[in-house]
Amino acid sequence: MSTKYLKVTQPASNVWQITLTSPPDNRLTPELLSEFSQALDQVEYEWRSVGGGEFDPKERENYEGKGAGALIITSDNQKFFSNGLDWERSIKIKNFFEEIFDPVTWRLLTFPLLTISAINGHAFAGGMILALSCDHRIITSGKGFLCMNEIQFGSPLPNSFNALLSIRIPNPQHHRDTLLARRWTQKELLEIGLVDEIVDSDKVISRAVEVAKRDGGKVAAGAWGAIKRGAYHQVLEYSQSYRKLNLPPVEEQEFFDRVGRDKGKDKNKAKL
């Protein structure tokens, strides 16, 4: 499968790969997300067609891979895994996260195959969330910051982002620094457990395939997706809460509505 924004390949038996191909920086637009959702359906269908998820182990024996299955998510861009959302466009779409972005990342987060993000470039904001939605993360030793930089352009974090980050980053200091847009380096990411491995730039995909072949058999019986739905239910609950998020102008207006715009003016007057 090859479409405008991504392509689906099979680099090894029972191993699938979705490669983002949306220049210049793989922005997660509604169009890309739609294709991504379709690609996930295609991969799961093909996996189930070769014994994946077959509950009876005797039936799985009839297939070459015995029901093993792994999915690699990566980019054809050596600078960006994904630079996040088209923010200006996203905030103009009603319920963009709850109804467009979150369903796709939730699908990936609870995918029944083993998922591996082969992070071969920077992953910012929504791009970082995409990487963190995978089970295993391998990052390049080249260009590869992870950063939640929403605070820098005045955006609150969507409900689902907050929930996932709380799960992935339980250390309070690391969580705080992430929300304050720290650009985590590869070494730091490995130290705090946000990535599993650092490899040379030209080996990111090949190492991902090795991990896929090593661990893909663990999901053959079909329970992995359900296990993750239980583990990450908080992410879905936060998303479906539709809790209001205020942009800075609304926060400012609510403050002055509460305290009044004239309050404190006398204290600020220059003394003559």
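The axes of helix 4 (residues 96-109) and helix 11 (residues 233-240) come within 11 Å and cross at roughly 175°, where axes are lines fitted to C-alpha atoms, for helices over the stretch in contact, and angles run from 0 to 180 degrees between N-to-C directions. That angle makes helix 4 roughly antiparallel to helix 11, since angles over 145 degrees count as roughly antiparallel, those under 35 as roughly parallel, 65 to 115 as roughly perpendicular and the rest as oblique. Glu98, Asp102, Trp106 and Leu109 of helix 4 meet His233, Val235, Leu236 and Ser239 of helix 11, contact meaning heavy atoms within 4.5 Å. By class, this contact has 4 nonpolar, 2 polar and 2 charged residues.

The model is predicted, with local features requiring pLDDT of at least 70 and side-chain atom pairs counting only at pLDDT 80 or more, whereas totals for chains, interfaces and linings use all residues. Residues are numbered from 1 along each chain as its sequence is written, and side-chain values use heavy atoms, with hydrogens and water left out.

Helix 4 also packs with helix 1 (residues 30-49), their axes coming within 10 Å and crossing at roughly 30°, and the two are therefore roughly parallel to each other. On the side of helix 1 the contact is made by Pro30, Leu33, Phe36, Ser37, Leu40, Asp41 and Glu44, and on that of helix 4 by Phe96, Ile100, Phe101, Val104, Arg107 and Leu108. Sorted by class, the contact of helix 1 with helix 4 has 9 nonpolar, 1 polar and 3 charged residues.

Turning to the strands, strand 5 (residues 114-119) is mostly covered, with 6 of its 6 residues buried, that is, under 20% relative accessible area with a 1.4 Å probe and protein chains only. In a regular strand the side chains alternate between the two faces of the sheet. Here Leu114, Ile116 and Ala118 point one way from strand 5, while Thr115, Ser117 and Ile119 point the other way, and all are buried. Strand 5 pairs in the parallel sense with strand 3 (residues 70-75) over 4 bridges, pairing requiring that DSSP find at least two bridges between two strands, and Leu114 is the bridge partner of Ala70. Strand 5 also runs parallel to strand 7 (residues 136-140), to which 4 bridges join it, and Ser117 has Arg137 as its bridge partner in strand 7.

Strand 1 (residues 6-12) and strand 2 (residues 15-20) run antiparallel and are joined by 5 bridges, with Thr9 standing opposite Gln17 in strand 2. These two strands form a hairpin with 2 residues between them, and Asn14 in the turn has a positive phi of about 65°.

Note on methods
Ala, Val, Leu, Ile, Met, Phe, Trp, Tyr, Cys and Pro count as nonpolar, Asp, Glu, Lys and Arg as charged, and the others, Gly among them, as polar. Buried means under 20% relative accessible area, exposed over 50%, partly exposed in between (1.4 Å probe, protein chains only).
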